[in-house]
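Try each task yourself before reading its solution.

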Amino acid sequence: MQDDQRVFDVAIVGGGIGGTMLAAILARHGVRVLLLEGSGHPRFAIGESTVPETTFGLRVLARRYDVPEIEHLATNGALRRHVSSNCGVKRNFSFVYHREGEPTRAEECTQYPTWGPPLGPDSHYLRQDVDAYMFHVAVSYGATAHTHTVVDDVKFDEDGVTLVTREKGTFQASYVVDAGGMRALLPERLGLRQEPPYRTRSRTIFTHMVNVRPFDTVAPPREQHRMPSPFSQGTLHHLFQGGWFWVIPFDNHSAGTSELCSVGINLDLDRHPRPEGVSAEEEFWRHVRKFPSVARQFEGARAVRPYVSTDRTQFSSRSVVGDRWCLLPHASDFIDPLFSSGLAVTVMALNALSHRIIDAVREDDFDTARFGYLEQWIKRMFRFYDDLVSCSYVSFDDFELWNAWNRVWTITTLYGTNAQNQAAVAFEKTGDPASFTALETAPYRGLQGVDNPWVSQLFEQARDVVLAYGSGDLTSNQAVTRIFDLLRESGLCPAAWGTLDPQDRCPSGVFTLWPLMRLLLWGRFRSPQHVRGTYFTGGARLVGKEAVQALTTDVRRGSSLVQQTVRDMWVNWNRDWTRREIPSRK
Ligand SMILES: Cc1cc2nc3c(=O)[nH]c(=O)nc-3n(C[C@H](O)[C@H](O)[C@H](O)COP(=O)(O)OP(=O)(O)OC[C@H]3O[C@@H](n4cnc5c(N)ncnc54)[C@H](O)[C@@H]3O)c2cc1C
């Protein structure tokens, strides 16, 4: 190997979804990037369900850094067209409550739909396909990438970093990003791992299965449960006291090509300690059998890969950035799969990290202070999700408490997502990537509206109510009443939403075009002062434009497929191979 293939501006350890997106962005902007992945592609990875803040964040990332391939991950239509038809669609988050030994009750479920086209819907990523796609994109932009190359050690000196690999010798770089996920190297080498400072204490068992039945075939009839979106077309959460199952189908749409469904169970460590001498598989099925409706859904289901059983799912690092190094969020901390926050925090971090690294390389200045924002905001988000998740486990005690608490999350999600949209709309108007710096300025920083004083006040007060219930200072009824009062007093609930009506269990309604317009109109003209002018200030034009683009793309694609089939029946030569340009560096 030549010497210049051993010296880089930035080395990225780990070629998962986070490392590959970062490599693509940096290479696109002329940074000499080395990407080292210990295994090969495709390979199994967990972290499959997106949320609107992930997909909106991906659009921002793609546009800000001019890497359109990242936007292919942002809506399910584009994902299926460009990346893999093995991915599933996520039209909703559904939460169905279960009691031991009883079939589920029709009225004990809640739902929050994801956005309809053109801004959605969200997706279930078959990560092996998505990560392989992004890996190839990174290489096509000029990243130097090696698979089957495990980084065993990283040494720092004044001039930079030396990476010692097991298979391919050493490499030099000015800066290293550890994108190695939960078993990342740097936290271990630098002694960063710490006892997770989080209230959430859970463990997880998961696998991929075939033959998992659509829950709609075993659930009470639609007229009784009254959810607007099919359970089987979203991420289904089966909630019970002290835990929850996820069901993430990849085989849930008419154009799908996968047979698979991701399933897992998360258990409160204190209420459900790991039993001695019981395999992960046996423990999983023991829990399934407790709940008749879940058992019916899993009748005939079979695992296609080994069950994985974790110890405490939470992990944490003392720091996220240091002298010439940075951790991506999943190398630093993790809370729990509930609310699918992992990818959203990763995308948020990539947004803030990429321009800092590009500037640092151009100015040859890697001062740790330049990266301090990452330290603050990544940790801030993990603290938020710890509150959200730990209170959710508490609320699983009683469906009515969950029914109240999860409305608070629908509001934080609304403002978090809209903040990203505000930046995208500003960019649409000006074409200036500086529009995206608003996402690092109050009140849009972070996710879930954490930087907005009204949103965070609602969240923190409602959190304290759930904690007061957990410590026995309030009854469940008192906690529910107080949370609804807080929601009402906040003024943050859109008029068209049924958030203040406990009987409305899908309070946001759906996010198809007309309800979306009503939401924008409320925000623009009827919302309280602390919302108006800051959120919902635009978007109708952008949505309209993208709706037309989405329809045109689908029509063109449909007719082009027909044309190709007819042509191939008669002619052998074609010019299909001319369709793509080779991605270029800036
Ligand atoms: C049980 C569970 C469920 C989850 N569910 C969701 C979900 O539904 N939605 C969501 O948004 N998030 C979820 N997450 C979080 C999600 O998995 C992560 O946010 C996401 O995978 C982060 O991507 P990444 O590329 O940073 O890391 P990873 O996907 O973990 O990739 C790390 C890569 O680094 C490589 N690597 C590690 N060490 C080395 C080394 N020394 N040398 C070379 N290569 C190395 C590994 O081989 C791997 O390919 C879940 C997490 C867990 C634990």
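**Exercise 1. Find the partner of Glu440 in a salt bridge, and say where the two residues lie.**

Step 1. Glu440 pairs with Arg356, and their closest N and O atoms are 3.0 Å apart. A salt bridge here is a side-chain nitrogen of Lys or Arg within 4 Å of a carboxyl oxygen of Asp or Glu.

Step 2. Glu440 sits in the loop between helix 13 (399-430) and helix 14 (453-470), while Arg356 belongs to helix 11, so the pair links distant parts of the chain, 84 residues apart. Helices (H or I, at least four residues) and strands (E, at least two) are DSSP runs, numbered from the N terminus.

Step 3. Glu440 is buried at 16% relative accessible area, and Arg356 is buried at 14%. Buried means under 20% relative accessible area, exposed over 50%, and partly exposed in between (1.4 Å probe, protein chains only).

A word on the numbers: this is a predicted model, where local features need pLDDT of at least 70 and side-chain atom pairs count only at pLDDT 80 or more, whereas totals for chains, interfaces and linings use all residues. Residues are numbered from 1 along each chain as its sequence is written, and side-chain values use heavy atoms, with hydrogens and water left out.

**Exercise 2. Which parts of the chain does the salt bridge between Arg463 and Asp387 tie together?**

Step 1. The closest N and O atoms of Arg463 and Asp387 are 2.9 Å apart.

Step 2. Arg463 is in helix 14 and Asp387 in helix 12 (residues 372-395), so the pair ties together parts that are 76 residues apart in sequence.

Step 3. Arg463 is buried, with 16% relative accessible area, and Asp387 is buried too, at 11%.

Step 4. Now look at a network: Arg59, Arg63, Glu71 and Glu546 are joined by salt bridges that share partners.

**Exercise 3. Describe the surroundings of Glu546.**

Step 1. Locate Glu546 in helix 17 (residues 540-570).

Step 2. Glu546 is buried, with a relative accessible area of 9%.

Step 3. Leaving out residues up to four places away in sequence, Glu546 touches Arg59, Arg63, Pro118 and Leu119. Contact means heavy atoms within 4.5 Å.

Step 4. A cis peptide bond joins Pro117 and Pro118, with omega about 10 degrees.

Step 5. Another cis peptide bond, with omega about -5 degrees, joins Gly120 and Pro121. For comparison, most peptide bonds are trans.

**Exercise 4. Which residues come nearest to the ligand?**

Step 1. Of the 32 residues around the ligand, Gly18, Glu37, Ser49, Arg127 and Leu343 come nearest. A residue is near a molecule if one of its heavy atoms lies within 4 Å of it.

Step 2. Check the backbone atoms: an oxygen atom of the ligand is 2.8 Å from a polar backbone atom of Gly18, and a backbone N or O atom of Leu343 lies 2.7 Å from an oxygen atom of the ligand.

Step 3. Helix 1 (17-28) and helix 11 (341-363) each supply at least two residues of the shell around the ligand.

**Exercise 5. Is Gln448 buried or exposed?**

Step 1. Gln448 lies in the loop between helix 13 and helix 14.

Step 2. With 3% relative accessible area, Gln448 is buried.

Step 3. Its phi is positive, near 60 degrees, in a residue other than glycine.

Definitions and conventions: A polar contact is a pair of N or O atoms within 3.5 Å; within protein, one must be able to donate a hydrogen and the other to accept it, and residues adjacent in sequence count only if both atoms are side-chain atoms.
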